[in-house]
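This report concerns the pockets and the salt bridges of one protein model. The sequence and the structure are shown first, and the description follows.

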Amino acid sequence: MTEHRIDPQLLAGNRRPLSGYQARHFLWQVEDGVATITLDRPERKNPLTFDSYAELRELFHQLRWADDVRAVVLTGAGGNFCSGGDVHEIIGPLIQLRVPELLMFTRMTGDLVKTMRACPQPIVAAVDGICAGAGAIMAMASDLRLGTSRSKTAFLFNRVGLAGCDMGACAMLPRIVGQGRASELLYTGRSLGGEEGERWGFFNRLSSPETLLAEAQALAGQLAEGPSFANGITKTMLHQEWAMTIDQAIESEAQAQAICMLTEDFSRAYHAFVAKQKPRFEGN
């Protein structure tokens, strides 16, 4: 049998570890293939700054090549998720800018969502307390969301004189909670409570505040133990098929599934199944 060898230069350019990444504007840790990003400004309910926006965007972009991260948990410190853009460090300075610089900022915030959707790892948002503005967008852009009964999710843009169409909200939120419910949240800016959010489908399930992070990490760990390449394909197809007809989606999924059938994960799963069944047949 010929040994499967990958050119080291190809690996160097396309696979890199991120467990040793030194975050500057939030907390970062990796354990057993699960990375946890913690927004860590609890005294202000974890608002974003220009710097944290940019670093998050770059980190999610780098996750495309990470070979030691198979799932991501996104959370906030101190009983809150994220209060959105910092009023003093973002909102205030924006008032002084002209259109070219404002567009630079709005494109940067949108690029954060793009990189979250483009990274192959499933993202689990652990949402407790305040989840507002850009924080609500980051929760929306995650693949799965766990909340608590005290979660308060609000798309606050119209409360500060802006449109609700921010960072992809008008495209993504209706696909999660439906057009009418998304319209209500984006027009009014009201808070969506945890229990209501679960009924609406924004949250996959609710946890207690004390167990929220552990349950989110356990869910991410379950995903990390699964077929990582296939999970990445599932995430890609969930995103790309928004713009496809049913026929196009079926053909794309046929091609994607055929590729997954070439992976070691598929072969390993089959042999594991056979090994489990063998004792049953031998005992008859």
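In this predicted model, helix H3 gives the most to the lining of the second largest pocket, contributing five residues. H3 spans residues 87-95, and helix H4 covers 99-118; each of the two supplies at least two residues of that lining. The space in the second largest pocket amounts to about 670 Å³. Its lining comprises 27 residues, of which Gly85, Ile91, Phe157, Val160 and Leu162 are the closest to the centre. By class, the residues of this lining are 18 nonpolar, six polar and three charged.

The largest pocket has a volume of about 850 Å³. It is lined by 24 residues, and those closest to its centre are Arg15, Ala66, Asp67, Ser228 and Phe229. Two helices, H10 (228-240) and H12 (264-282), each provide at least two lining residues. H10 accounts for the largest share of the lining, with five residues. The classes in this lining are nine nonpolar, seven polar and eight charged residues.

The second topic is charge pairing. Side chains of opposite charge can pair when their charged atoms come close. The structure holds 13 salt bridges, and three of these pairs are set out below.

| Salt bridge | Closest N and O atoms |
|---|---|
| Asp86 and Arg41 | 3.3 Å |
| Asp86 and Arg44 | 2.9 Å |
| Glu264 and Arg268 | 4.0 Å |

Asp86 takes part in a salt bridge with Arg41, with the closest N and O atoms 3.3 Å apart. Asp86 lies in the loop between strand E3 (71-76) and H3, whereas Arg41 lies in the loop between strand E2 (34-39) and helix H2 (50-62), so this pair ties together parts that are 45 residues apart in sequence. How accessible are these two partners? Asp86 has a relative accessible area of 1% and is therefore buried, and Arg41, with a relative accessible area of 18%, is buried as well, because the cut-off for burial is under 20%.

Asp86 also forms a salt bridge with Arg44, in which the closest N and O atoms are 2.9 Å apart. This pair likewise links distant parts of the chain, with Asp86 in the loop between E3 and H3 and Arg44 in the loop between E2 and H2, 42 residues apart. Arg44 has a relative accessibility of 35% and so counts as partly exposed.

The pair of Glu264 and Arg268 has its closest N and O atoms 4.0 Å apart. Both residues lie in helix H12, separated by four residues, about one turn of the helix. Is Glu264 buried or exposed? With a relative accessible area of 60%, Glu264 is exposed, while Arg268, at 48% relative accessibility, counts as partly exposed.

Terms used:
Residues are numbered from 1 along each chain as its sequence is written. This is a predicted model: local features need pLDDT of at least 70, side-chain atom pairs count only at pLDDT 80 or more; totals for chains, interfaces and linings use all residues. Side-chain values use heavy atoms; hydrogens and water are left out. On a 1 Å grid over the protein atoms alone, a cavity is a set of points where a 1.4 Å probe fits but cannot get out, and a pocket is an open set with protein on both sides within 12 Å along at least five of seven lines; lining residues have an atom within 4 Å of a point. Grid points are joined across faces, edges and corners, and a volume is the space filled by probe spheres set on the points. Ala, Val, Leu, Ile, Met, Phe, Trp, Tyr, Cys and Pro count as nonpolar, Asp, Glu, Lys and Arg as charged, and the others, Gly among them, as polar. A salt bridge is a side-chain nitrogen of Lys or Arg within 4 Å of a carboxyl oxygen of Asp or Glu. Buried means under 20% relative accessible area, exposed over 50%, partly exposed in between (1.4 Å probe, protein chains only).
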